Amino acid sequence: RFIAKPCAINLGIQDSGPHRAQPNAILEKVFTSITKSPDGKRLDGLSKQLDWDVRKIQRWFRHRRNQDKPTTLTKFCESMWRFTFYLSIFLYGIRFLWTAPWFWDTRQCWYNYPFQPLTSRLYYYYILELAFYWSLMFSQFTDIKRKDFLIMFVHHLATIGLITFSYMNNMVRVGTLVLCLHDASDFLLEAAKLANYAKYQRLCDAFFMLFGVVFIVTRLGIYPFWILNTTLFESWELIGPYPSWWLFNGLLVTLQFLHIIWSYLIIRTAYKALVRGKV
């Protein structure tokens, strides 16, 4: 309200929604109770009932569908909030992990396990991340609904499960690596969205391409060969098959499948951008 909205207005983003549909009780009832996109047969029936032209009714339904879509200002404010959090938590994580021995040697995640101290910085890093993902879990039902709603829902469940589970089992060292790795690309995507909403096309394209490179390198390169390698093989070698090994690694592998799906979508979008000349 007090930061993102003024920024958006200064960038020329208006708080004006789409053209509102003409009030009509019959069409509104059909729209809310039956269908938002009526077929030809229903359109003909409504045309006779209202004595309206079919094209006029189609136009009314189009306007009514657009009426429910969030404004660019709303989307800008949501993305700015997420950009602020992702960037802040990533910088905090990097600053904290840079001096941590397990950041440079993943085998340190398992030495003397589970008798590893929980420092205050590590604790706050974990609690902040867990709180944010719980907020996403609840707010995704009220936030702008996007096409990847189901995938994101699974992602939030897996992430909350991993953060909670690893904290309870004192696997926080490897957990911080997973969290930091995921935050590395998220703020770049939100930056691309902000540039897109503000109509800075070249900046949007640059941020998206940078996001795509960082995402694929971290999620398809570093994550499986660095994170999964230590949780699947190094942990087995150093501490043996602990009781929750299968659940812990099952959740991590689930994330990897999601990474593959998203990487495909990013590559497809990048290809379309090259063909059309813009994202």
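Student: Which residue forms a salt bridge with Arg219?

Tutor: First, a heads-up: this is a predicted model, where local features need pLDDT of at least 70, side-chain atom pairs count only at pLDDT 80 or more, and totals for chains, interfaces and linings use all residues. Residues are numbered from 1 along each chain as its sequence is written, and side-chain values use heavy atoms, leaving out hydrogens and water. A salt bridge here is a side-chain nitrogen of Lys or Arg within 4 Å of a carboxyl oxygen of Asp or Glu. Arg219 has its closest N atom 3.3 Å from an O atom of its partner, Asp186.

Student: How many residues apart are Arg219 and Asp186?

Tutor: This pair links distant parts of the chain. Helices are DSSP runs (H or I, at least four residues), numbered from the N terminus. Arg219 sits in helix H10 (residues 201-239) and Asp186 in helix H9 (residues 172-197), and their separation is 33 residues.

Student: Are Arg219 and Asp186 buried or exposed?

Tutor: Buried means under 20% relative accessible area, exposed over 50%, and partly exposed in between (1.4 Å probe, protein chains only). By that rule, Arg219 and Asp186 are both buried.

Student: Which helix holds both Glu78 and Arg82?

Tutor: The side chains of these two meet in a salt bridge, at 3.7 Å from N to O. Glu78 counts as buried because its relative accessibility is 12%, and Arg82 does too because its value is 15%. They are four residues apart, about one turn, and both lie in helix H5.

Student: Why does Glu190 count as buried?

Tutor: Glu190 pairs up with Lys193 in a salt bridge at 3.7 Å, N to O. Being three residues apart in helix H9, the two are separated by about one helical turn. Glu190 counts as buried because its relative accessibility is 5%.

Student: Which helix gives the most to the nonpolar patch?

Tutor: Patch residues have over 30% relative accessible area and no salt bridge; like charges are joined within 9 Å, nonpolar side chains (Val, Leu, Ile, Met, Phe, Trp, Tyr) within 5 Å. Areas come from the Shrake-Rupley method with a 1.4 Å probe, and for residues only the protein chains shown count as cover. Leu118, Tyr123, Tyr124, Ile127, Tyr167 and Met168 make a nonpolar patch of about 590 Å². Helices H7 (120-139) and H8 (149-168) each supply at least two of its residues, but the top giver, with three, is H7.

Student: Why does Met168 count as exposed?

Tutor: Met168 is found in helix H8. It counts as exposed because its relative accessibility is 65%.
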